[in-house]
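Open the model in a viewer and keep the sequence panel beside it. The stops below say what to select next and what is there.

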Amino acid sequence: MRAIPLSVTALTAALLLTACGSGGDTGSGDKNTGSTACRIGGLGVQAGPANAAPAAGDTGDVPVTVTNRGARCTLEGFPGVTLSAGKATATVPQDTSGKPQRLNLAKGDTASFTLTYVRAKEGGAKSLAVTSLKLRLPGASDSQDFPWSYGPVQGKKDAGDPDASVTAFQQAGD
């Protein structure tokens, strides 16, 4: 039997291993997937159920989950969220304590983010009597409105500067 030098065997094994893929998409993102930005019309979107703030000064959380209903698409960054109270609106700032991930969503995959807010006193000077929230996805201009039933939102400087934030999208499910 002919002996193959150990270094040739090790090199061959290393080359074979680097040629192998992971066997599946983990959702963490490969910049060369060819996916397009997710569009809100191609996703199922569910806002809530919320952990609503029960009284003025309390903090509440509204989870929002999106499920891809179509072709593979990509979410990268923060959602755009605007709170509306009649003609008055307020843009919710990003919670930059977490770093956004690039998520590639195949059909049926889900991702989520959380809107955190401080409830205001009804009729307060810095209170925004929110009736709906508008959601936009990163990289897309279309949006979708959802009813808001969690009470008024406290402003920081004024009602147009909400004491609220949105997290980046995170992979949800399995």
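Select Leu75 and show its contacts, meaning heavy atoms within 4.5 Å. Leaving aside residues up to four places away in sequence, Leu75 touches Cys38, Val66, Gln101, Arg102, Leu103, Leu105, Ala111, Leu137, Pro138 and Phe169.

This is a predicted model, in which local features need pLDDT of at least 70, side-chain atom pairs count only at pLDDT 80 or more, and totals for chains, interfaces and linings use all residues. Residues are numbered from 1 along each chain as its sequence is written, and side-chain values use heavy atoms, with hydrogens and water left out.

Leu75 and Trp148 have the most contacts inside the largest nonpolar core, which has 34 residues. Such a core is a set of buried Ala, Val, Leu, Ile, Met, Phe, Trp, Tyr and Cys residues joined through side-chain atoms within 4.5 Å; buried means under 20% relative accessible area, exposed over 50%, and partly exposed in between, with a 1.4 Å probe and protein chains only. Colour strand 8 (110-118) as well: the largest share of this core, 4 residues, comes from strand 8.

Now select residues 73-76, which are strand 4. Strands (E, at least two residues) and helices (H or I, at least four) are DSSP runs, numbered from the N terminus. Pairing requires at least two bridges found by DSSP; strands 4 and 7 pair in the antiparallel sense over 4 bridges. Within that pair, Thr74 stands opposite Asn104.

The term covers a side-chain nitrogen of Lys or Arg within 4 Å of a carboxyl oxygen of Asp or Glu. Glu76 is partly exposed at 39% relative accessibility, whereas Arg102 is buried at 17%.

Where is the other partner of Arg39? Select Asp142, whose closest atom lies 3.3 Å away, N to O, in a salt bridge. Arg39 lies in the loop between strands 1 and 2 and Asp142 in the loop between strands 10 and 11, so the pair ties together parts 103 residues apart in sequence.

Finally, colour by pLDDT, the predictor's confidence in each residue, from 0 to 100. The chain averages 82, but pLDDT stays under 50 over residues 1-33.
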